[in-house]
Amino acid sequence: MNKYILIDLEWTLFNSQTINEDILPYVLKDMSDFVSGNFAQLAESQEGFAATSPRELVDIFRTWANGEISNSVLKAFSEKFMESNKTLEVKAFLDVSQNLRDWSEIGFTILAISRWPIAFQRLLLRNCDCGDLDKYFNDHYESTKTREGLSRTLKLIGKEYDAEPVEIIYISSSKKDIAIAQGLGLNVKLINRESSFDFAQHPN
């Protein structure tokens, strides 16, 4: 019996091209402005703080967009900043977003997976044009888009929830990712986005 629905946010729930080209730069600029205005306070509050200027710290935070921040204090600040960020309006694909409430009411555990940092995933989900979608998600996971990275994350999810692969439905618009999930024994659902967007931009 299926108990878990795991949704690949990129191209499945959101248009990744729009997010990466429009939303993410806007958020990073907002973060840069905040960091520049509070640099002294941030520098004094962190043990082993290495940045010597606002510009250097901004560069460090830009790596956050690729999930590369390892310093726990910096990561915590990134998450706190995302929680307090001004309201955005992010367009979500209706074919998936409209099902979230029904799946939640049925009793599915709904999980999000993306290469975007978890704080950024939650920011997007909370500010969808169709309402707050984050309330339907039980958990969020970061994963690289390599075969090894995705396989490792899928196995981790199964272990954390003590779930057999057949209990998980993996929903994605990437045929490559679908094949990886199938190879691990997960049930899968492929969402076709090829007809709606530039195929060259789609991670197929």
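**Rings and burial in a predicted protein model**

Good morning. I begin with Arg193, whose charged end sits over the ring of Phe93, 3.9 Å from the ring centre. A charge sits over a ring if NZ of Lys or CZ of Arg is within 6 Å of the ring centre and within 35 degrees of the ring normal.

The model is predicted, so local features need pLDDT of at least 70 and side-chain atom pairs count only at pLDDT 80 or more, while totals for chains, interfaces and linings use all residues. Residues are numbered from 1 along each chain as its sequence is written, and side-chain values use heavy atoms, with hydrogens and water left out.

The protein has 9 helices and 5 strands; these are DSSP runs, with at least four residues of H or I for a helix and at least two of E for a strand, numbered from the N terminus. Of the 204 residues, 47% are buried, that is, under 20% relative accessible area with a 1.4 Å probe, protein chains only.

How many aromatic pairs does the structure hold? There are 3. Phe14 is in the loop between strand S1 (4–8) and helix H1 (16–37), and Trp116, 102 residues away, is in the loop between strand S2 (109–114) and helix H7 (118–126). Rings of Phe, Tyr and Trp (its six-membered ring) pair if their centres lie within 6.5 Å; planes under 30 degrees apart are stacked, over 60 edge-to-face, and the rest tilted.

Phe14 is buried at 0% relative accessible area, and Trp116 is buried at 1%. Together with Phe120, Phe14 and Trp116 form one aromatic cluster.

Methods. Buried means under 20% relative accessible area, exposed over 50%, partly exposed in between (1.4 Å probe, protein chains only).
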